[in-house]
Amino acid sequence: MWWMMGEGGGHYCSKKTDDICADVCGQESSKVLSMSRVRCILRGLDVKTLVFLFALIPTCIFFIYVHGQKISYFLRPLWESPPKPFHDMPHYYHENVSMEHLCKLHGWGVREYPRRVYDAVLFSNELDILTIRWKELYPYITQFVLLESNSTFTGITKPLVFASNRDQFKFVEPRLTYGTVGGRFKKKENPFVEEAYQRVALDQLLRIAGISDDDLLIMSDVDEIPSKHTINLLRWCDDIPQVLHLRLKNYLYSFEFLVDNNSWRASVHRYQTGKTRYAHYRQTDDILADAGWHCSFCFRRISEFIFKMKAYSHFDRVRFTHFLHSKRVQNVICKGADLFDMLPEEYTFKDIIGKMGPIPHSFSAVHLPAYLLENAEKYKFLLPGNCIRESG
């Protein structure tokens with residue numbers, strides 16, 4: 001429009017233009033005009049403001065780098081909805097109540113003879129927890145199936161720990177099917193791919209072990225331990241669900257730090273040839289309450305903590321090398337804090353805030369695996385009041 005242009009067709013310049021920006025007017029090049037505006041802005045700032053800006057921006061970047069994961073986890077309720085709730089099934093048990101009556105309380109019939117039970121696990125280096133698990137389940141397991149690899153999920157070479165310590169498990173030898181699988185050692189591959197590969201190999205080992213239709217198959221990590229009375233109930237009762245998750249008490253570092261009662265990945269399956277596949281994710285909505293214990297990072301030695309931090313599927317949580325320092329790891333264990341300095345993985349602000357900070361100490365050692373209490377001196381590092389770990 002004519003009132004926007006000067007006689008030469010250049011940029012319009014108001015007489016009210018500020019003196020310090022006077023050189024902006026009349027420029028013919030838009031590039032020169034943009035640079036002039038930048039100079040105009042900088043000339044309008046004093047030295048203190050510039051120093052403040054140059055200090056603030058790097059500080060903000062550093063803060064986001066260090067605490068970005070916490071910010072993301074805290075804001076999780078804004079970008080991710082909670083999963084569908086499970087259908088919780090009440091769990092009835094007392095040692096003086098007959099199996100027929102217990103099955104009836106659950107709405108199931110009782111069988112003339114119990115099902116066979118297969119307990120299948122992938123093994124890394126958890127010798128103590130494996131011993132407690134197998135001692136707990138031993139009376140009711142038909143075949144223990146264990147697969148070991150020379151590779152971690154993250155592609156790190158590892159020794160065959162179980163093979164080297166097999167003499168410790170002579171009590172299960174007549175019922176043991178043991179196998180090994182070579183790692184693929186794919187660099188920079190998602191560790192969950194290697195994990196899935198090993199679980200497929202475990203399917204094959206189960207067939208070698210002789211599993212057949214309607215046998216019970218326990219699918220859980222070594223540190224997810226079903227209680228023996230839970231497995232005895234499921235092998236004796238008729239008409240149980242085809243797939244049933246087990247709700248476990250969730251502990252961290254030892255049975256001194258009870259996180260919650262929400263560990264759910266362990267499951268029991270009535271095996272179906274050609275259909276049942278070994279997995280470690282949600283496979284049904286049905287879950288049986290109070291069915292055992294999950295004791296994560298429950299190791300005897302600091303070196304075992306550090307190995308798992310580098311080896312398991314969530315190794316990316318080790319964001320800084322000082323996370324792996326022995327003194328720091330020991331301090332975190334005794335505090336009941338988080339090894340990876342993370343916020344709780346929850347879906348509501350209420351749950352996140354409620355679980356922030358160290359886990360409260362528990363002084364209860366009631367209803368724990370019997371073998372653990374019978375050998376309390378040997379496994380005292382797993383019991384309340386014994387947070388100091390061996391350094392080796």
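The conversation below treats confidence, sheets, helices and a disulfide in turn.

Visitor: What average pLDDT does the protein chain have?
Guide: This is a predicted model, and pLDDT is the predictor's confidence in each residue, from 0 to 100. In the protein chain, 83% of the residues score at least 70. The average pLDDT of the chain is 87.

Visitor: How many contacts beyond four places in sequence does the model have for residues 1-12?
Guide: The confidence over residues 1-12 stays under 50 in pLDDT. Over residues 14-28 the pLDDT is likewise below 50, and that stretch has 15 contacts beyond near neighbours in sequence. For residues 1-12, the number of contacts beyond four places in sequence is seven.

Visitor: Which are the edge strands of the open sheet of eight strands?
Guide: The strands of this open sheet follow the order β1-β13-β9-β12-β6-β3-β4-β5, and their pairing is mixed. An edge strand pairs on one side only, which holds for residues 87-89 and for residues 176-181. From one strand to the next, the twist averages 25 degrees. The edge strands are therefore β1 and β5.

Visitor: Which residue in β13 is the bridge partner of Asp 88?
Guide: Strands of a sheet pair through backbone hydrogen bonds, either parallel or antiparallel. Here β1 and β13 (residues 286-288) run parallel and are joined by three bridges. Within β13, the bridge partner of Asp 88 is Ile 287.

Visitor: At about what angle to β4 does helix α7 run?
Guide: Two helices may be considered at this sheet. Helix α5 (residues 127-137) lies across β3, β4, β5 and β6, and runs at about 180 degrees to β3. Helix α7 (residues 191-209) also lies across β3, β4, β5 and β6. Its angle to β4 is about 145 degrees.

Visitor: How many nonpolar residues are in the contact of α9 with α10?
Guide: Helix α9 contributes Ile 302, Phe 305, Ile 306 and Met 309, while α10 contributes Ser 326, Val 329, Gln 330 and Ile 333. By class, the contact has two polar and no charged residues. The number of nonpolar residues is six.

Visitor: Which residue in β14 is the bridge partner of Lys 249?
Guide: An open sheet of four strands has the order β7-β14-β10-β11, with β7 (224-226) and β11 (258-263) as its edge strands. Strands β10 (residues 248-252) and β14 (residues 292-296) pair in the parallel sense over four bridges. In β14, the bridge partner of Lys 249 is Trp 293.

Visitor: How many residues apart are Cys 103 and Cys 237?
Guide: A search of the whole structure finds three disulfides, one of which joins Cys 103 to Cys 237 with an S to S distance of 2.0 Å. This link is left-handed, with -90 degrees about the S-S bond. Cys 103 is in helix α4 and Cys 237 in strand β8, so that the pair links distant parts of the chain. The two cysteines are 134 residues apart.

Conventions:
Residues are numbered from 1 along each chain as its sequence is written. This is a predicted model: local features need pLDDT of at least 70, side-chain atom pairs count only at pLDDT 80 or more; totals for chains, interfaces and linings use all residues. Side-chain values use heavy atoms; hydrogens and water are left out. Two strands pair if DSSP finds at least two bridges between them. Axes are lines fitted to C-alpha atoms, for helices over the stretch in contact, and angles run from 0 to 180 degrees between N-to-C directions. Contact means heavy atoms within 4.5 Å. Ala, Val, Leu, Ile, Met, Phe, Trp, Tyr, Cys and Pro count as nonpolar, Asp, Glu, Lys and Arg as charged, and the others, Gly among them, as polar. A disulfide is a pair of cysteine sulfur atoms within 2.5 Å.
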